[in-house]
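Dear colleague,

I am passing on a structure for you to look at, and below it you will find some notes on what turned up. Please keep it open while you read, so that you can follow each residue as it is named.

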Amino acid sequence: MIELVDLYKEYQTKRGKVIAVNHVSLKIEPGEIFGIVGYSGAGKSSLLRCMNLLERPTTGVVRLNDVDLTTLNTQELRQARQKIGMIFQHFNLNSSRTVFQNVAFALKAANKSKDFIEKRVPELLALVGLADKADQYPSQLSGGQKQRVGIARALANDPHVLLCDEATSALDPKTTKSILALLKEINEKLGLTIVLITHEMEVIKEICHRVAVMKEGDIIEVGNVYDIFANPKQSLTREFIETVLHFELPSEVLQHRNPHGILVKIQFKGEIAEESIVSDVLQSCKVKGNILHGKIEYIQNVPLGIFIMELSGDSQEVDKALGLLRERTSELEVIADVLK
Ligand SMILES: Nc1ncnc2c1ncn2[C@@H]1O[C@H](COP(=O)(O)OP(=O)(O)OP(=O)(O)O)[C@@H](O)[C@H]1O
């Protein structure tokens, strides 16, 4: 488990002090994929790099499996770091070494024997799907393949934790998906804890169990990914979610609104997203419902349905329909007139 207690990181610059991480406390549980999302400059890299002391926090505690890394001497820290793998946006491979040698490097640094290295590297390359690339050089590989080498190298010493610093930001969408799928597979197969930072909410949606939203050095919201998507509290979180759900109503739709109708946003969580609650209620109340926008997203394989509808008809019947929709289940949320 990783535990950050009151972590604070500042940099001294010519223009004065910059606070990158502002008294953050966080617990990351073993085996989870934990994402940290935020815009550029929010402090994500600084926070991540404090987790393995690549950056030393100005104050605060970084515990890995109950050991406070900030209290270790150089030798102890080197040992502890072997249990924290890291991958980078630009892969950080040594271009003058082959794929095999890049991965072997991490094992040599941990004083592993030649025999062990000869056996272990092919296993690692097979795990990341590069069994046939051992003798190639980084320049002969695609971006996705380079990141696979980075992952193999990071896993060489059986880490407890894998830190991912914008690991897919330099990759195209298809390659991003394949790297995220590999990370998920490794998480499930090896029970490895993964912490990733990203500015893309899509990455969070794709593989994370929990997410923290970071702004100006602070964590402003943290929770289970599904709950955060279904019920974001902070406007910045909503902004990030919007980049995935694309739920803005096009202005043409608003121009052609029925002046007597009311706009409702209806959100279904879990299995009921697949039921026909809305049509049942509208039929029973003789209310007309016009779907203006709607979709069902699957987040961690659980459906989240969101619809924007215009309801029209006798106003008492519309109120009754809204009441019934609210009542039908606690998992259904009706936000009446979305424009107000
Ligand atoms: N080595 C450094 N020296 C001085 N200031 C720094 C240093 N590293 C980061 N900063 C500053 O700290 C703040 C947080 O930066 P950080 O890189 O941690 O954020 P980030 O969310 O990871 O952004 P990005 O995605 O652009 O890397 C920024 O204001 C940045 O300019």
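Which residue lies over the face of Phe116? Lys112 does, at 6.0 Å from the ring centre. Please bear in mind throughout that this is a predicted model.

Turning to the aromatic rings, the structure holds two aromatic pairs. Tyr39 and Phe240 form a tilted pair, with 4.6 Å from centre to centre and 35° between the planes. This pair links distant parts of the chain, since Tyr39 sits in the loop between strand E3 (33-37) and helix H1 (44-51), whereas Phe240 belongs to helix H9 (residues 235-245), 201 residues apart. Tyr39 has a relative accessible area of 40% and is therefore partly exposed, while Phe240, at 2% relative accessibility, counts as buried.

Because Phe268 lies in strand E11 (residues 262-269) and Phe307 in strand E13 (residues 302-312), the pair ties together parts that are 39 residues apart in sequence. Both Phe268 and Phe307 are buried.

Thr198 has a relative accessible area of 2%, and since buried means under 20%, Thr198 is buried. Leaving aside residues up to four places away in sequence, Thr198 touches Ile36, Val37, Gly38, Lys44, Glu166, Val203 and Ile204.

Note on methods:
Residues are numbered from 1 along each chain as its sequence is written. This is a predicted model: local features need pLDDT of at least 70, side-chain atom pairs count only at pLDDT 80 or more; totals for chains, interfaces and linings use all residues. Side-chain values use heavy atoms; hydrogens and water are left out. Rings of Phe, Tyr and Trp (its six-membered ring) pair if their centres lie within 6.5 Å; planes under 30 degrees apart count as stacked, over 60 as edge-to-face and the rest as tilted. Helices (H or I, at least four residues) and strands (E, at least two) are DSSP runs, numbered from the N terminus. Buried means under 20% relative accessible area, exposed over 50%, partly exposed in between (1.4 Å probe, protein chains only). A charge sits over a ring if NZ of Lys or CZ of Arg is within 6 Å of the ring centre and within 35 degrees of the ring normal. Contact means heavy atoms within 4.5 Å.
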